[in-house]
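Thank you all for coming; I would like to walk you through one part of a model, and I ask you to keep the structure on the screen while I talk.

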Amino acid sequence: MAVERGLRIVQKDADGVDTAFREQVLAGLAQRQKSIPARWFYDDEGSRLFEAITELPEYYPTRAETEILRERGAEFAAEIGPGRVVIEFGSGSSVKTPHLLRAIAPGAYVPIDISGDFLRQSAAVLAGDFPGLPVYPVEADFTKAVELPAQVADMPKLGFFPGSTIGNLVPPSAVDLLRSMRATLGEGAYLLIGMDRLKDEATLLAAYDDAAGVTADFNLNLIDRINRELEGDMPRAAFDHVARWNDSLGRIEMHLMACRDVEFRVAGQRFAMVRGETIHTENSHKYEPRGAAMLLLAGGWTPLESWNDAAGRFNVVLAEASEPRTAP
Ligand code: AVI
């Protein structure tokens with residue numbers, strides 16, 4: 001059965017199971033280093049837990065990025081100029097967007113999100129707060145090139161990708177995504193993107209292993225989702241949340257670690273893990289300015305300017321679509 005959700009087709013089988021979820025979980029659990037893509041964290045409960053994470057004292061990225069967007073508006077306006085259509089990738093609840101829209105006098109706003117109901121609701125709230133600003137929500141998977149509404153075709157464009165979500169992708173996937181954004185936005189476009197910075201290990205580990213255990217619940221919720229949606233019997237109590245700093249790859253990793261030998265079934269297949277073995281569930285890459293610039297350049301974007309919060313924890317970078325590449 002194919003369920004139409006805007007431009008994306010979600011494949012469901014006769015029992016209503018998301019086939020991509022089942023395939024990726026089964027394939028990931030069959031690997032030597034077991035892993036499950038982080039995108040599967042975000043069922044309703046996972047999305048609620050992520051919102052709770054953004055308010056934790058240890059989780060600085062949301063506050064740091066909001067500080068930049070709130071306080072550097074005049075500088076954004078000077079660099080970006082008025083009249084651009086702001087295209088937000090994965091807009092979600094669009095909580096950070098008003099700061100940007102208030103600062104730069106945009107020509108229109110196009111939020112793009114895979115979740116249609118949520119998208120339309122938040123677009124309506126935002127349109128109410130910005131009377132006179134044309135808002136054209138697009139329900140789509142922005143990891144592929146997206147066709148923009150005809151009304152904005154001839155307007156200059158500014159892509160907006162806050163939240164340091166780019167850090168959740170390994171570099172080859174991050175480059176693919178940046179290239180898709182470049183294809184969506186076209187020649188002459190700008191991109192304003194949030195990227196979390198490299199910093200001391202203790203701060204990073206605390207941000208991904210908070211004292212109240214909300215991040216642990218967020219990670220362990222994946223087990224509940226597998227059990228509920230894929231006829232699993234993974235014992236949640238047999239797993240611990242683990243956050244690790246991988247220094248050579250510059251990233252926080254989240255894992256679900258077996259705290260005893262454990263056997264379980266998922267979608268009719270048997271798996272076994274020995275005590276200490278892990279399922280790798282998320283990467284969150286942290287970038288120094290040079291690394292950020294290299295990633296953007298590889299993705300077809302030339303950095304123009306960047307802003308940090310006062311404590312230097314987070315970076316918002318403005319980049320311009322690069323000209324077609326010539327040698328070398
Ligand atoms: C969505 N993303 C940018 C978050 C991050 O910081 O990597 C997801 C997250 N995982 C644990 N805490 C927050």
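Helices (H or I, at least four residues) and strands (E, at least two) are taken here as DSSP runs, numbered from the N terminus. This is a predicted model, in which local features need pLDDT of at least 70 and side-chain atom pairs count only at pLDDT 80 or more, while totals for chains, interfaces and linings use all residues. Residues are numbered from 1 along each chain as its sequence is written, and side-chain values use heavy atoms, with hydrogens and water left out.

Let me begin with strand β5, residues 108–113, where 6 of its 6 residues are buried, that is, under 20% relative accessible area with a 1.4 Å probe, protein chains only. A108, V110 and I112 point one way, whereas Y109, P111 and D113 point the other way. In a regular strand the side chains alternate between the two faces of the sheet.

What does β5 pair with? Strand β4, residues 85–89, pairs with β5 in the parallel sense over 5 bridges, pairing being called when DSSP finds at least two bridges between two strands, and V86 stands opposite Y109. β5 also pairs in the parallel sense with strand β6, residues 138–139, over 2 bridges, and there the bridge partner of D113 is E139.

Turning to helix α7, residues 171–185, its 15 residues reach 21 Å from the first C-alpha to the last, close to the 21 Å expected, where the expected span is 1.5 Å times one less than the number of residues. Its buried residues include A174, L178 and L185, and just after α7, G186 takes a positive phi of about 85°.

Definitions and conventions
Buried means under 20% relative accessible area, exposed over 50%, partly exposed in between (1.4 Å probe, protein chains only).
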